[in-house]
Each structure stands twice: as structure tokens, then as C-alpha cells.
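Trainee: Could you take me closely through one part of this model, the places where its pieces meet, and through the residues you would check along the way? I would like one connected account.

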Amino acid sequence: MSQTPANPACAIECRQITKTFGSVVANDKIDLDVRYGEILALLGENGSGKTTLMNMLSGIYHPDSGSISIAGQPVSINSPVDAMHLGIGMIHQHFKLVDAFTAMDNIVLGTHGKRLAPKVLKERILEICHSVGLEIDPEKRVYEMSVSEKQTVEILKVLYRDAKILILDEPTAVLTPQETGKLFAILRRMREQGRAIIIITHKLQEVLEISDRVTILWKGKSIDTVNTAETNARQLTELMVGRPVSLSIQRPQPQDPQPVMDVQGLTVKKPDGAIALDGISFDIRSGEILGIAGVAGSGQKELCETIAGLTKSEKGHITFKGEEILGKTPAEIISLGIHMGFVPEDRLGMGLVASMGMVDNMLLKSYRSHKGMFIDRKPARALAEELIRRLEIVTPGEDTPVRLLSGGNVQKVLIGREIESGPSVLITAYPVRGLDINSSYTVYDLLNEQKQKGVAVVFVGEDLDVLLELCDRILVLCHGRITGLVDASSVTKEQIGLMMTGSHSGEVQQ
Amino acid sequence: MDMFIKFLVAAVLAGTPLLFGTVGEILSEKVGHLNLGVEGMMSIGACSGFMAGYFSDSFAFALIAAALGGALGALIYAFLTVTLMANQNVTGLTLTIFGIGLSNFIGVYALGFSETGTLKLPDGITAHMRNIHIPGLSDLPVVGELLFSYNPFVYLGILIAIIMGLYLGRTQTGLNVQSIGENPAAADAAGIRVIFWKYFNILLGGAICGIGGAYCSMIINRGVWISNNVGGLGWIAVALVIFAGWKPVNAIGGSFVFGALRVLKYYMPKSVIDLPVAFYDMLPFLITALVLVISSMRKSRGIGLPAALGLNYYREER
């Protein structure tokens, strides 16, 4: 099988890996090399086959053809256990941790043999932490942990099994810039220890910062592998998308911004009684995009739900053109022209009904305006067809249940529907989560188009680079308080990162 | 005083079948499967244990048959909920109805062969079910009666509860198994064989429930077969799991408390409080309701209620 003699300095050698699902070729003769003591970035759009390839290395799928060698030995990886024995450790994007267990118990989960005494285990874990510069309290339970602590546990899980090859799937998606910096320092330490590291990320800046080499996948093929030192963001994007793209996001000047919605002293509690929003005040202006930044769970969700009338507030006021909207029902709020494109973590949770097709999902927002006893699907069908054409939504048909569409297409359906109803306030939360570059830019263009029409747009985002380029003003939330309300053109990513952790307060404009 | 000791002894005896049911259900719930079929599995165990004893004259064989009977009931449940991913509540309820029906059917069928019109276990077996007597220890005043003179089932139940407590709480395998009930996807990613351990725990739990059923058919009625011999104990066991906080060792105390509630009516002197018998019959259920209210008000999280309880696991779900 092996055409070339295996090289023992190579941690992983994949040759001509092919994997098909039915008629779809997910991986088409992919070659991949990773050496010990290097960080390889794997770059590619959604659907380019990154995850499929990594799943084959971690034992979830088995390749149809091709060969994999680990440390020079041809191997067959049939299960996650096999991968573990071969020293391959995968750090999933969605943490796979048991919330009720302590960090220690999570780290040893799945190991066999005698359960170690807590004292011995603790020492062993702290020793590993020390060797790479991680910090963790081994007895803390996962449900009390912040996102970056959880990630630390995930990393320790694979280090505890002494994995020589680490695969990180979008590890920075949920981290602040400071946390990302720390993670990269740890990855570099692990590289010095001679481990091989594969990092999957969408963020080009990070690829350039951390990796030694970059392998680019495009439509299931390995297009090219380049040395990071010899490339730049533009070249990488071209390789990834398959054609030149402009990387800058447009930010047209806001035209005559007028406050349309005013939030004063808003306090909201979570169902368990904890404070979600603590007396926040700000305004939303027509013709501009207000970005909302913050570590996940800082109150973004509650803010959106309160404005939409889904969550009750404890104190405070929200006025829309002088009219109080707190206490109104969601239907009354929608009729004022306040529209919400909320993309929750599970994408389909709110906003769309997963088992309905596009047509019926359109009807959910428009059936009230129709007279008569029976529903009329014609206008909704026309709208669905229009959206498919205009937003290039890929779907077998407008009646296909939306849960069968890919994530990006689901988001287009959701945002498209909200925009079509002609809102005066449009609130979008994480609209580009999980989207590839092309789809993301379509969404940015849509939002800019709305902004220029005079709509007040609120954009709750994760990627600070995008927030900085797209938004006019950025509001930073930390533990339910506003720690900054700044002009996006005169602030740096690092400053926002500090505000997100509450360690630095941004200048709050008037 | 004498009356009080007798009351305590009766409480332990009445609590023992609950102990088996509770420990069995804990094993199942710890892998995320709420099995409402405890009553059914106990009934099948009651029947298979009794019949095996009746026809074979062997106590050991009766015990094994009871365990196998319970495990068979659990196997039906496991196949439906783990492999076919059927709704757990409906499957469990159905198993209860099926188990009671099957048990009564076989009982009535066997009665047809009896010349006396009753089924009574042979003496060779009842000899094994008498209270043990340890020379010296059992003769101690008070302590001897309270600790060292029960039938073997009582000690077997306590032993099983302690072993299962050690298994779940102290071994690496137990930790792995608990993670399945908390987050099966995490367990799967950690290389734990989720399906295997689900079957293992559900079947082991069923076997323990089956032995509890044998207690109902062989001890409570002094070796005479009657229909519906489990009589709702399986339902109390399901509630006791919460009372015990999903810890097998706590189930020992919990079962005996509920056992005490069940026999209180016979031991409460009329001169102290004169309450209708119906009140005492209601007590275990009233306490169950209180336990549910209190435990749902508690905010603390920890290893207790498995987070994925009642949710079937499918690896490729999206």
C-alpha cells in the first residue's frame, strides 16, 4: 500500500484518503503530513472535509481507501479507543465533559484499571499542568467552570493519556483574545515538547500567528500545503475559497442616526434567580449597527429575549420611539417593527421550526395578516422562492424540513425571513456562527443593506475582528453589566478583550 | 421496649424487598434509563423464583431463576430503549403491566396442576428461608434480635447494596458508568462502551429487582403462592431512588424507613394515637410526595440525579 517509505519523524502520514457518504465524496484522495514538534493549521470552508478527515484520525469514521501511518507505522484506526492507544487526542469544539464531575474525574474518565487515590491523581495532574503552563483546580466541578477552564480540562484529558498528537477543533471560537494568547503559549510549549499539533480554525490571523505550516482543503481535496512564514492572509483565502475574495468588510457611514430604542436601567434575572442583566442603559440608533461583545453567557441571550418580550424584567424601561415596550406581548412587539434573528447555540431552537419546510416557516410570521379561515400558502411560497434565489440558499425544495439544511442555509432562511418583513429594529445574535467565509459575507452584506435603509441593527457577535470591522458602536457586556460602549473605529481588539473580562472599563459615551 | 424492637425488626423485613428494587433501579438510572418497570421485573422474578423453587426443590436454583427472570424483563426494556430507542416511560409502564400479567398467568396455570388447590414451597426450601441463628451472636439481648436473626435475604440485600455502592462510587469502572448517565456523548468520546454498559447495568439492575420479587413470593406469604404478590412495592422503590439520592448505600436506610411506615399500623398502640388504618396506608406515599418536593427545591448540584436520565442516546444525532 505504501508508495513511499514511511518517515518516522512524521507523526501522521495520510496518503490518498478517500471517504464517501452515499454519493457525496467528503474526502477525495487527501494527503496530509504532520511532523512531531510542529503546529499544522488545517484550513477550509464548511463542507471542505476537515471534520471528516479529523474524525477518521480519531476513530469515528473509517476511510474507504488510502492509508494512515502513525510514527511511521501503517495503522488502522477503528474506534476512539484505538486512536487513544496510538497517542491521538482530539479536543472537540463542543466540550465533551460531565458537568457534575470534578475536573479530576473528567480527566481520568474512560481509563481502565484501579481508580487512583485523589491525592496521587491530583499530584499527577498538577505535574502535567506545570509542564505546559496550564492552571486548573482539580477538585472544581465542571458546571462551575468558565469556558476557558473547561477547555483546559479537555486539553488535560488528552495530555493525561500522554497523547503525542493533539487535534484541536476551533479551539479559539469561544475565547477572549487574552485567553487565546494563553492557549497559544501553551500550544507552543507542547510543540517544544515534541508533540504534533493540528489546529482547525476559520480565523486567518490565528493561522498566521500560531502555525508552522498550513494545509488547505477545498471541496474534499487537499489543495496545497504552505509554510506559514511564506504566505499571507490574502493567499490563504484564495486557496480556501478557490477564487480571489475581498477580505475587508464594508462599513458605510451611518446616515443621520437617530435613537429609536432606549434601554434604561434594565435588570433581568435568570430562572434560577441569578442576575443576568444588572441595570444596563444604552440606546439603539437607526441607520447604524450596534455590536454586542462579551464572553458567552454574559447576558446577551437575556437582553435579546427581553427586547423580544420573551423574558420578564425586574426593573428598568425599554422605550421604542417613546413608547414603553416592556410588558407587551411578543406579537405586539413584532407589530411595532422590532424583529429578531436569534441564532441560538443549537441554531434551530428559537426562530424556526425544524421539522417544517421553508414555506411553513415563512407563514409563522405572516399568518396573522391574512384574512379568512384557511391559510394561504401562495405568498409564503413566493417569499421562500425569492429567498432561495436571492440568498443562494441550497435546498432540495422549499418544502424540505429546514433541519435537513446545512447550518449556513438555516441561518440564511432565518435572517432572510426577518429582513423581508421590513423591520425598523433588527436584532441578530450570532448570525454567522458556523458559516464559511462566503456565507458570512453574504450575511454582512444583508445587514449593511438594512443599515443603509435606516434600520437599527443590533449584532451580537463572537468574533471580535468582525465586530470591529462591521459595527459602528460596540457595547461590551461582562457578567450582565456594561463594561464598555465604544466607537468601533477607535478601539483595538485587546482593549475590548480586557473589557470583556471586566478588568478594564471602556469609555462610556454619554 | 419489646414492642419497639419487634417494630424495628418488622420494619427491616418490610423494607427488604424495597431495598432490592431500589438498588436495581439506581443501577438502571445511573446509565440514564428511567425504568418504570420495577414492579414488572419484580413480578417476573417473583414468579420465576417461586416456580423454580417449587419444581426443583433447590433454594440456590430458585434465587438464580429469580435473578434471571428479572434480568429477562430488563432485557426487553433494554432492547426497546437502548437499541430501538423507544420512549423510556412508556416502555417501563408496559413492562410493569406485562410482568404482573405474566406472573399471575403462570401462577394460575400452575395452580391447575396442584391437587390441593394451593402452591406451597417444599420444606427443603423454606428451611433455607428461616431466620439465621449464629450461636452466641443471635442470643445476645436486643442486639441479637435486631442484627443477627433475619432471614438470608436481608443480609443478601444489604451486601448487594454495599457492593453496588462500592462499584458505582469507588471504582474507575463505576465512574465511567456514571458518566454515561450524565453525558453519554462525553463518555463515548472518552472511549467508554456506552451501549455495552447500558445493557450491563440495566440487566444487573433487573436481576437484583428479580431477587426482590422472590422475597415477595417466597417469604412474605410464607411460601404460599398468591397472585399480585409484589403489590405495588416496585412503585415505592422507584420513588425511593430519589430518597436515597441515587446512592445504593443510602437505599439501605431509606428502605427500612419506608418499611417502618408500612408496618407502623400494626405497632402503633391505640392508646397513644388512634388513627384510621387508611391513614397509615397513605403514609409511605405522603412521605414520597414530600421527598419529591424537598429534593426538587434543593439547589445544590452534584453527583445525584443523572443529567441525561430519560434521554436515549444516539451517536450520530445532529
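Mentor: A strand here is a DSSP run of E of at least two residues, a helix is a run of H or I of at least four, and both are numbered from the N terminus. By that count A:Ala276 belongs to strand 12 of chain A, which covers residues 275-285. Keep in mind throughout that this is a predicted model.

A:Ala276 counts as buried because its relative accessibility is 3%, and the limit for that class is under 20%. Leaving out residues up to four places away in sequence, A:Ala276 touches A:Val268, A:Lys269, A:Lys270, A:Ser298, A:Gly299, A:Glu302 and A:Gly480. For one of these, A:Gly299, the C-alpha atom is 5.2 Å from that of A:Ala276, although the two residues are 23 places apart along the chain.

Now the division of chain A. Contact involves 11 residues of domain 1 of chain A and 14 residues of domain 2 of chain A. The size of an interface is often given as the accessible area lost when the parts come together. For domains 1 and 2 of chain A the buried area is about 1,100 Å², with 61% of it on carbon and sulfur atoms. On the domain 1 side of chain A, A:Asn46, A:Pro177 and A:Gln178 supply 36% of the area buried against domain 2 of chain A, more than any other three residues.

Polar links between these domains are listed as follows. Helix 6 (177-192) and helix 8 (233-241) of chain A each supply at least two residues to the side of domain 1 that touches domain 2. Helix 8 of chain A gives the most to that side, with 3 residues. By class, the domain 1 side of chain A that touches domain 2 has 4 nonpolar, 5 polar and 2 charged residues.

A:Arg195 sits in the loop between helix 6 and strand 8 (196-200) of chain A. A:Arg195 counts as buried because its relative accessibility is 11%. The side chains of A:Arg195 and A:Gln193 are joined by a polar contact of 3.0 Å. Apart from neighbours within four places in sequence, A:Arg195 is in contact with several residues, among them A:Tyr36, A:Glu38, A:Asp162 and A:Met190.

Next, the interface between the chains. Here 21 residues of chain B are in contact with 22 residues of chain A. Chain B and chain A bury about 2,000 Å² between them, and carbon and sulfur atoms give 60% of that area. The salt bridge count between chain B and chain A is 0, while 5 residue pairs are in polar contact across that interface, both members at pLDDT 80 or more. Helix 7 (152-170), helix 8 (172-182) and helix 9 (184-189) of chain B each give two or more residues to the side of chain B that touches chain A. Helix 8 of chain B has the largest share of that side, 6 residues. The side of chain B that touches chain A is made up of 7 nonpolar, 9 polar and 5 charged residues.

Helix 8 of chain B is also mostly covered, with 10 of its 11 residues buried. Among the buried residues of helix 8 of chain B are B:Gln172, B:Leu175, B:Val177, B:Ile180 and B:Glu182. Their cover includes helix 3 (103-108) of chain A, and from chain B helix 1 (2-30), helix 7, helix 9 and helix 10 (194-220).

A:Lys219, in the loop between strand 9 (213-218) and strand 10 (221-227) of chain A, has a positive phi of about 50° although it is not a glycine. A:Lys219 counts as exposed because its relative accessible area is 58%. B:Met85, in the loop between helix 3 (59-83) and helix 4 (88-111) of chain B, has a positive phi of about 55° and is not a glycine. B:Met85 is classed as partly exposed because its relative accessible area is 34%.

Definitions and conventions
Residues numbered from 1 in each chain as written. Chains lettered and ligands numbered in written order. Predicted model: local features only at pLDDT ≥ 70, side-chain atom pairs only at ≥ 80, totals over all residues. Heavy atoms only, no water. Contact = heavy atoms within 4.5 Å. Buried area = accessible area lost by both parts, 1.4 Å probe. Nonpolar A, V, L, I, M, F, W, Y, C, P; charged D, E, K, R; others polar. Salt bridge = Lys/Arg side-chain N within 4 Å of Asp/Glu carboxyl O. Polar contact = N/O pair within 3.5 Å; in protein donor to acceptor, adjacent residues only side chain to side chain. Buried < 20%, exposed > 50% of the residue type's maximum accessible area, 1.4 Å probe, protein only.
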